[in-house]
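Work through the exercises below with the structure in view. Each task is followed by a solution in steps.

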Amino acid sequence: MTTNVPAVMSEATFALVLVSLLLAPLAIAGVALINAGLGRSRSAAQALLGNLAIVAVAAMAFALVGATLAGPMGGAGHVFQVSGKPWNWLGTGPFLLNGLAAAPAPTQLGLLFEFLAVAMAALIPWGSGADRLRLTAGCAVAAVLSAIVFPLLTHWVWAGGWLSQLGVNFSLGSGFVDPAGAGTIHVLGGLSALAVVWITGPRRGKFPQGGIATAMPGHNAVYILFGCLLALAGWLAFNVAGAVLWVRAPLSALPVTAINTLLSASGALAATFAVTRVRFGKPDASLCANGWLAGLVASSACAAVITPVEALIVGIVAGILTPLLVEVLELAVSIDDPSGAITVHAAGGLWGLVAAGIFAPQAGQLIAQLVGIAALLGLVLPLTYLLFWIVNRFVPFRVDTDGERIGMDLHELGGGAYPEFVIHRDDSYR
Amino acid sequence: MKFAGLLVMPAGFFLSIAALVLFPASNAVARGAFVLCGLAVEALGLVVAVRGHMEAQGKSSQ
């Protein structure tokens, strides 16, 4: 196994990866619907418009700057030497995608994968800032992620950077393995969500002084649960395409990858269903949706490299952790994360990365995965927080009090998503 | 306090990286333990940052 994109590719493989990537936006649509459904009704239009705007900004920022820093697949990069070992830390791609049409087909497919991945990563923090994060701030966050942070990670993991070379340089299995972006997309998105929540603060009335956290349930369970089904289709596409592109899985291995994806999500849903049933007496729909999504996120790291039974175990663990961590973050740590992105994407992705190391047959693979996790937590989170902190000085993240009171739809767009219905105001939560 | 915690986290990362350079591949146990120590330092930094967030939030809601 290697993490560089294959130099040549059969026509059948090319067609399969291309079709998979054309289906991958369903994952983005699913997450967008979940984000909108978990927010409040008075912010639904702003939430969905924000999803569209963020995808657009992410694609443009990645094309203008990010793709250059990420570098071509397996191409040259900026390298420094430590103890005689090369550390390839930054890509040297062509400026403004120059010469893309003449690039080999696998390189073009890899770039398409990265475009879809950056859109997904940039979308994740938007859900955590629901009901108080301004649209322009959401776009600024997306631009920073897509132009600076995501390309760095992409180069390290997928484009021949130092994490992908851990196996060659330090005899650590196959190097850091992350075929469908559990770390590059989801942990990055989840940690960015944490940074956004830290900077933006909680929704008004969420943590009343001297009281326990106020429950602010999502406004539309149908959006949330249908979003989960859409996400499954997109995740199957992401995992299959990622398996071919980044770990050179043969075509014969792809059905197992798809089955593993489904099993991981299924195990996670069953576990979350059981945990919430035991804790609350009845299963919780939005937490079950979070569990399903956490299973999918965990599968992104390991669906291509584990067996079906292992995938089921990965999903069950993710499904048990998700509702417990959501509760801990809200009640013990006072973090207001309406979409649960920190739990689902950051924690789910980290667990998937660890699982890929635990179940890998190669010696040293677990250490490689842990070094990748160390990079995500130790470099990416502080860098992301610092960048967002600077952006917040110029483009304030949080809407003013009046905007939060009347809702983001009326404040930012001048009209609501459901003009014929009565909308809840803050008074409802007193 | 939040910034202090976030500053500790890169130190944990460099500890993990140091493990790869300091220990040969044959000494996998020491390597793994050193990497875990780096992750523990990162976790410590995260806890400090979270505590900082909670303190700041407590002050702002008063």
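Helices (H or I, at least four residues) and strands (E, at least two) are DSSP runs, numbered from the N terminus. The model is predicted: local features need pLDDT of at least 70, side-chain atom pairs count only at pLDDT 80 or more, and totals for chains, interfaces and linings use all residues. Residues are numbered from 1 along each chain as its sequence is written, and chains are lettered from A and ligands numbered from 1 in the order in which they are written.

**Exercise 1.** Locate A:Asp131 and state whether it is buried or exposed.

Step 1. A:Asp131 lies in the loop between α4 (105-128) and α5 (135-157) of chain A.
Step 2. A residue is buried if 20 or more other C-beta atoms, placed from the backbone, lie within 10 Å of its own, exposed if 12 or fewer, and partly exposed in between.
Step 3. Because A:Asp131 has 24 other C-beta atoms within 10 Å, it is buried.
Step 4. Most residues other than glycine have a negative phi. The phi of A:Asp131 is positive, near 75°.

**Exercise 2.** Describe how β1 and β2 of chain A pair.

Step 1. Two strands pair if DSSP finds at least two bridges between them.
Step 2. β1 (residues 77-82) and β2 (residues 85-91) of chain A are antiparallel, with six bridges.
Step 3. A:Gln81 stands opposite A:Pro86 in β2(A).
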